[in-house]
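Please read it alongside the model.

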Amino acid sequence: RYQVDQIIWNGDDFTRDSSTDWTKEAFLNASRSEPNSTMRVVNRGDTILFGPMTIQVLNPPGLIWPTSANDMSIVLKFTWGNTTFLLMGDAPSKYAEPDLLAKGVDGRADVYKLGHHGLRDATSPPFAWAVQPEVVVNQASPPETPVMQSLGQFNPPVPIYYSGRHG
């Protein structure tokens, strides 16, 4: 449906378990079928210019966390004019968030798309506080209770939108 010019990925070889082999193959096959597209492995600190947007790569910092492919999710911060969007991919809070905080990465964003499907480990109170979102978006449904508690620290409350309900 769309002409894809550039495919970005984290460079992870997906070899931690066989359940991701089909994902790797589907991804590589899809990327090969895109005429005139290029593949680019990205890491923290990379910048992608896309029309009027600047996209900063905040995660992964490199191939260092062997525990889960989710920990290697690409986390992107889009800046479009005066509006920022933080897209956490599938990153759970256990490794990516503490690493981003420890490295002093600026994660402040107007729109915060939760990682890890809004599951209980999708965000932590310190990270949500560092983001200071005006709006939160989750993939399909309300986030689980610990995430709602992390987001509940804001006064006034932050509106949460669900792609499954709100489009």
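Buried means under 20% relative accessible area, exposed over 50%, and partly exposed in between (1.4 Å probe, protein chains only). This is a predicted model: local features need pLDDT of at least 70, side-chain atom pairs count only at pLDDT 80 or more, and totals for chains, interfaces and linings use all residues. Residues are numbered from 1 along each chain as its sequence is written, and side-chain values use heavy atoms, with hydrogens and water left out.

**Aromatic pairs**

- The structure holds 2 aromatic pairs. Rings of Phe, Tyr and Trp (its six-membered ring) pair if their centres lie within 6.5 Å; planes under 30 degrees apart count as stacked, over 60 as edge-to-face and the rest as tilted.
- Tyr112 and Phe127 form a tilted pair, because their ring centres are 6.2 Å apart and their planes stand at 55 degrees.
- Tyr112 is buried at 0% relative accessibility, and Phe127 is buried at 4%.
- Trp129 and Phe154 are stacked, because their planes are at 5 degrees, with ring centres 5.5 Å apart.
- Trp129 is partly exposed at 46% relative accessibility, whereas Phe154 is buried at 8%.

**Second largest pocket**

- A pocket is an open set of points on a 1 Å grid over the protein atoms alone, where a 1.4 Å probe fits, with protein on both sides within 12 Å along at least five of seven lines; lining residues have an atom within 4 Å of a point.
- The second largest pocket is lined by 13 residues. Asp5, Gln6, Ile48, Phe50 and Ile55 lie nearest its centre.
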